[in-house]
Amino acid sequence: MADGAIVLRGVAKVFRRRGEQTNALAPLDLNIPEGQFVAVIGPSGCGKSTLLRLVAGLLEPDAGTVSVAGQSPLGARQAKWFGLVPQTPALLPWRTVRGNIGLLGELNRGGARARGDSHLVPVEVETLIATVGLQGFESALPHELSGGMQQRVALARAFALGAPVLLMDEPFAALDELTREEMRFLLLSVWDGRGRPAAAGPAEPHRPRTVLFVTHSIEEAVLLADRVLVLSARPGRVVADLPIDLPRPRVAAQADSDEFVHHTRNVRAALRQGAGR
Amino acid sequence: MTARTLRTILPPLLAFAVLLGAWELVVRAFGITKLVLPAPTAIASAITSDWGGWLSAARVTGEEALLGFLIALVVALVLAVAATSTPAAERAVLPVVTVVQLIPVVALAPALVIGLGFGPAPRILVAALITFAPLTVNAVVGLQSVEPDTLEVLRSVHASRWEILVRLRLPMALPYLVAAARVCVGLALIGAMVAEWQGSSEGLGYTFTRAQRSLATERMWAAVFVLALMGVVALAGIGLLERRLLRWRPTRVRT
């Protein structure tokens, strides 16, 4: 039985531009079990985003294989396994908050059904709006919202299909510090099912979602993840694979604990080593 | 009429009044003959003395211009969608557009009359050719103006090319197409009218050349004024359309 696991075997990616070759990703092996929250961190240009795009099948690897839930990235995409949150909110400016959150449900309608959509537990748009705290803004257009609110819409959109695999590419990087912190905990609460508002009735049996979260913030990586992958400078390879065993649910106060600081120190050391400094 | 609309339309109305008044004054003060420059009042009476004639001439020219514009719009959209789908198609389409843009389409009109006869076909074709390039260029730029992130979100659920075109690219292209339409209104009308100079028996261009033969300069000027007025009406129509279709834009283009 296929689960939300992500498996990479010897995956490499080379970019060619005007005859020049750039090794973006060294041959990479990776095994992410279902339900794990994995943060990927590394210096700029180390191939973090490339890794995410390879998993989503938005890029083709030059070597190796990627499998998501036992199938190819293309198959997983067709079956709507992915919830993607890019760096910008990437909302349609002519659609309201409600319309943007509902957008993905209107696309590729045949895809998930044809492949058996038992893995999908679509969330009611209204429920999601409440979960991400956008009540009262259902009919607002994106340009009427702040950056943080726009990113809330993007987050809700990624959760709307109930996709078992979340791919996030520095989703909070452009936000101010306070909003960023808010968004991190919002993400965690939606991810582990605690974010379900009482009005939505009894929680459905929660299916853990696999998360691949690209970031350049050490604190963010340690705060959110079960496991932090540290990539080296180009071509990216895994220099450290660090389990983060901080108890969940995570709270802001944990950031001051000795264990937290210990983890961030480890990640920082691995980053330095990977950057060759 | 509210005070606000009055404030908006009063300044341009005043400017036009001043301009026409000065024109009238100069013509009268210096005794300029109508062969050199007819007075605005003479032009106005040339129009008001024959409402029916002007209206039917305007209709002919307007229909040619509109039909030419619509044909160009359809061709532009088809080519722009093709250009957006593969880099090779883009490299094929854009040079053709550039060359068409450089052809003096209006000068081509006599040749088109020989080929297409004395019906409205050559005039419609001139209006289409003259608006084709700005429409295509804007359609290509508009369809490609989608953010890569938004495109990837749609692709991550395996949205089809058609879905991406209809739900993302075309709405993104709409503001660009509206901007192109503004430019094309004048072009299409001018193209149709000038094409009527050759071998036509109706329309504003025909009225123009016939007036020229009898040295009725006030009627020639009147034809030009009627054409300009049609452009103003068309632009107002586009402005209305824009306000309806592009309500979602953060900064609405002022009309």
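A crossing of two helices is left-handed if the near helix is turned anticlockwise from the far one by less than a right angle, and right-handed if clockwise. By that convention, the crossing of α9(B) and α10(B) is left-handed, whereas that of α5(B) and α6(B) is right-handed. The model is predicted. Chain A contains nine helices and nine strands, while chain B has 10 helices and zero strands. This briefing treats the two chains, their contact, and two helix pairs of chain B.

**The two chains**

- Chain A has 277 residues, of which 43% count as buried.
- Chain B has 255 residues, of which 36% count as buried.
- For chain B, residues 24 or more positions apart likewise make up 74% of the contacts with a separation of 6 or more.
- Read from the N terminus, the order of elements in chain B is α-α-α-α-α-α-α-α-α-α.
- The C-alpha trace of chain B extends over about 75 × 55 × 30 Å along its principal axes.

**The contact of chain B with chain A**

- Chain A contributes 20 residues to the contact, and chain B contributes 17 residues.
- On the side of chain B that touches chain A, α7 (148–155) and α8 (161–195) of chain B each provide at least two residues.
- The most is given by α7(B), with six residues.
- The side of chain B that touches chain A is made up, by class, of eight nonpolar, four polar and five charged residues.

**Helices α9 and α10 of chain B**

- Helix α9 (residues 204–213) of chain B packs on helix α10 (residues 217–245) of chain B at an angle of about 165°, and their axes are 8 Å apart.
- Because angles over 145 degrees count as roughly antiparallel, α9(B) and α10(B) are roughly antiparallel to each other.
- From α9(B), the residues in this contact are B:L204, B:T207, B:F208, B:A211 and B:Q212; from α10(B), they are B:R219, B:M220, B:A223, B:V226 and B:L227.
- Seven nonpolar, two polar and one charged residues form the contact of α9(B) with α10(B).

**The span and burial of α10(B)**

- The 29 residues of α10(B) reach 42 Å from the first C-alpha to the last, which is close to the 42 Å expected at 1.5 Å a residue.
- The buried residues of α10(B) include B:R219, B:M220, B:A223, B:V226 and B:L227, each of which also meets α9(B).

**Helices α5 and α6 of chain B**

- Helix α5 (residues 105–116) and helix α6 (residues 121–143) of chain B cross at roughly 145°, and their axes come within 9 Å.
- On α5(B), the contact is made by B:V105, B:V106, B:A109, B:L112, B:V113 and B:L116; on α6(B), the partners are B:A121, B:P122, B:L125, B:V126, B:L129 and B:I130.
- The contact of α5(B) with α6(B) comprises 12 nonpolar residues, with no polar and no charged ones.

How values were computed: Residues numbered from 1 in each chain as written. Chains lettered and ligands numbered in written order. Predicted model: local features only at pLDDT ≥ 70, side-chain atom pairs only at ≥ 80, totals over all residues. Contact = placed C-beta atoms within 7 Å. Helix = DSSP H or I, 4+ residues; strand = E, 2+ residues; numbered from the N terminus. Nonpolar A, V, L, I, M, F, W, Y, C, P; charged D, E, K, R; others polar. Axes fitted to C-alpha atoms, helices over the stretch in contact; angles between N-to-C directions. Parallel < 35°, antiparallel > 145°, perpendicular 65-115°, else oblique. Expected span 1.5 Å × (residues − 1). Buried ≥ 20, exposed ≤ 12 C-beta atoms within 10 Å, placed from the backbone.
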